[in-house]
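Have the sequence and coordinates open beside you as you read.

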Amino acid sequence: MKTIRITELGPATLESYLDTRRMLLRKADELSLLISRLEPVRSLEEMNEILALDKDRRLVIEMIGSCSYVIEWLETGRRPGSRRGIERRAGYQREILTDPAKLPTSSRLGNESHASIEETEVSRFRLEAALRGLTERERSCYMLAHGECYSFAEIAVLLNISKSSVGTYMTRAQRKVADNVSFLILVG
């Protein structure tokens, strides 16, 4: 294959990609014709020549695929193969998982002071007491979902239960934690 050196590619526009793809399609056709002319192989040199041409043709076909990918992206404004754009995704697809330890501990908005150590200890004690009130399965589901940021499907696989069971355990656990945390009376 004759080496073509391109120094100025010009702007990366839809038209330039379409021109490039047309040029690559012509080159792939030329290589296919050359291979078909050399087809009745009579010697080892001819076989090596055909293999070299075939290698070049496969490379050109890959380049055509890459150009087609970019062209589709430029025409639609979306990643090729995507059925929906990010603006039309479901809620769980737009979620960004966050480690709960990194979330702010104080729920007061506008207050720039951080929660005191006593408040942190009290809230941790309340949460631990609420978690002790859960069954083993509810606690496992709750800790995996809220502490480790696993999805219901991942929890179901880990615990070898159905996804709907995870949802049921999570509903019960959240209700119990909310009830226990709000009604816990500290004696001291």
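Is the crossing of α1 and α2 left-handed or right-handed? In this predicted model, the two helices cross in a left-handed way. Helix α1 covers residues 14–37 and helix α2 covers residues 44–76, and their axes lie 9 Å apart at an angle of about 160 degrees. An angle over 145 degrees counts as roughly antiparallel, so that is how α1 runs relative to α2. Sorted by class, the residues in the contact of α1 with α2 are 18 nonpolar, three polar and six charged.

Now to the aromatic rings. Searching the whole structure turns up one aromatic pair. Its members are Tyr69 and Trp73, with ring centres 5.9 Å apart. Their planes meet at 75 degrees, and because an angle over 60 degrees counts as edge-to-face, the pair falls in that class. Tyr69 and Trp73 are both in helix α2, four residues apart, which means about one helical turn lies between them.

The table lists relative accessibility for the residues discussed here.

| Residue | Relative accessibility | Class |
|---|---|---|
| Leu25 | 41% | partly exposed |
| Tyr69 | 38% | partly exposed |
| Trp73 | 38% | partly exposed |

Note on methods
Residues are numbered from 1 along each chain as its sequence is written. This is a predicted model: local features need pLDDT of at least 70, side-chain atom pairs count only at pLDDT 80 or more; totals for chains, interfaces and linings use all residues. Side-chain values use heavy atoms; hydrogens and water are left out. Axes are lines fitted to C-alpha atoms, for helices over the stretch in contact, and angles run from 0 to 180 degrees between N-to-C directions. Angles under 35 degrees count as roughly parallel, over 145 as roughly antiparallel, 65 to 115 as roughly perpendicular and the rest as oblique. A crossing is left-handed if the near helix is turned anticlockwise from the far one by less than a right angle, and right-handed if clockwise. Ala, Val, Leu, Ile, Met, Phe, Trp, Tyr, Cys and Pro count as nonpolar, Asp, Glu, Lys and Arg as charged, and the others, Gly among them, as polar. Rings of Phe, Tyr and Trp (its six-membered ring) pair if their centres lie within 6.5 Å; planes under 30 degrees apart count as stacked, over 60 as edge-to-face and the rest as tilted. Buried means under 20% relative accessible area, exposed over 50%, partly exposed in between (1.4 Å probe, protein chains only).
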